[in-house]
Amino acid sequence: MTTTPHIPVVQLAHAHGLPLPAYETVGAAGMDLRAAVEEDAPLTLKPGARFMVPTGLAFAVPQGFEAQVRPRSGLAAKAGITCLNSPGTIDSDYRGEVKVILANLGAEDFVIRRGDRIAQLVIAPVVQAAWSLVAALDDTDRGAGGFGSTGGR
Ligand SMILES: O=c1ccn([C@H]2C[C@H](O)[C@@H](COP(=O)(O)OP(=O)(O)OP(=O)(O)O)O2)c(=O)[nH]1
Ligand SMILES: [Mg+2]
């Protein structure tokens, strides 16, 4: 069992009163992110539109980890709502408010109200790699084949 990374988090004024993102089940990979829009000012995402939805959260991901902002499958399947830059990358040195770039690929208006669970946050380990500049690469069976080179379906 690995130790649980602890993430310092600030709940900004416009998120006061909202629950912090939480794992909804014991085995959940993601914590659901909630929209920190004003109670009396819901957002309407028109078909084809995108919007940076505030979460009202600023947090410091420990070095060696990243946070990924991913879509929720229910919203995608039912309403065509996705994160445009999926998966969004939250760097460990980012200290600003985390926002969710939601896009409406569906055919209907989509209304976002305060506290709606609009996306999910996955904390994952990352490594930073270094380049070794070489003149040529080793041979492999695949070589430069790709993009369907092994056949379709
Ligand atoms: O869905 C997202 C993606 C990013 N960010 C924040 C945290 C992240 O650390 C920062 C930069 O993200 P990214 O590197 O993806 O954007 P960029 O266009 O490369 O901007 P920058 O030049 O600031 O790195 O923006 C979010 O709040 N939500
Ligand atoms: Mg960047």
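A polar contact is a pair of N or O atoms within 3.5 Å. In the predicted model, the side chain of Asp 91 meets this cut-off, with one of its N or O atoms 2.6 Å from an oxygen atom of ligand 1. The side chain of Asn 85 likewise places an N or O atom 3.0 Å from a ligand oxygen atom. A nitrogen atom of ligand 1 is in turn 2.7 Å from a polar backbone atom of Lys 99. On its own, ligand 1 has 570 Å² of accessible area, of which the protein covers 50%.

The shell around the ligand consists of Asn 85, Gly 88, Thr 89, Ile 90, Asp 91, Tyr 94, Glu 97, Val 98 and Lys 99. Three of these residues are nonpolar, three polar and three charged. Strand β8 (residues 88-90) supplies the largest share of the shell, namely three residues.

According to an unreviewed UniProt entry, residues 19-151 carry the annotation "domain: dUTPase-like". Over this range the chain is 34% strand and 5% helix, and its end C-alpha atoms lie 48 Å apart.

The largest nonpolar core comprises 23 residues, among which Val 53, Phe 59, Val 69, Val 100, Leu 102, Ile 112 and Ile 118 touch the most other members. Contributions of two or more residues to this core come from β3 (43-45), β5 (57-59), β6 (65-70), β7 (81-83), β9 (99-104), β10 (110-112) and β11 (117-125). The greatest contribution is that of β11, with three residues. In soluble globular proteins, nonpolar side chains tend to be buried together.

Terms used. Residues are numbered from 1 along each chain as its sequence is written. Chains are lettered from A and ligands numbered from 1 in the order in which they are written. This is a predicted model: local features need pLDDT of at least 70, side-chain atom pairs count only at pLDDT 80 or more; totals for chains, interfaces and linings use all residues. Side-chain values use heavy atoms; hydrogens and water are left out. A residue is near a molecule or strand if one of its heavy atoms lies within 4 Å of it. A polar contact is a pair of N or O atoms within 3.5 Å; within protein, one must be able to donate a hydrogen and the other to accept it, and residues adjacent in sequence count only if both atoms are side-chain atoms. Accessible areas come from the Shrake-Rupley method with a 1.4 Å probe; for residues, only the protein chains shown count as cover. Helices (H or I, at least four residues) and strands (E, at least two) are DSSP runs, numbered from the N terminus. Ala, Val, Leu, Ile, Met, Phe, Trp, Tyr, Cys and Pro count as nonpolar, Asp, Glu, Lys and Arg as charged, and the others, Gly among them, as polar. UniProt positions are given in the numbering used here, feature names are shortened, and annotations may be inferred rather than shown by experiment. A nonpolar core is a set of buried Ala, Val, Leu, Ile, Met, Phe, Trp, Tyr and Cys residues joined through side-chain atoms within 4.5 Å. Buried means under 20% relative accessible area, exposed over 50%, partly exposed in between (1.4 Å probe, protein chains only).
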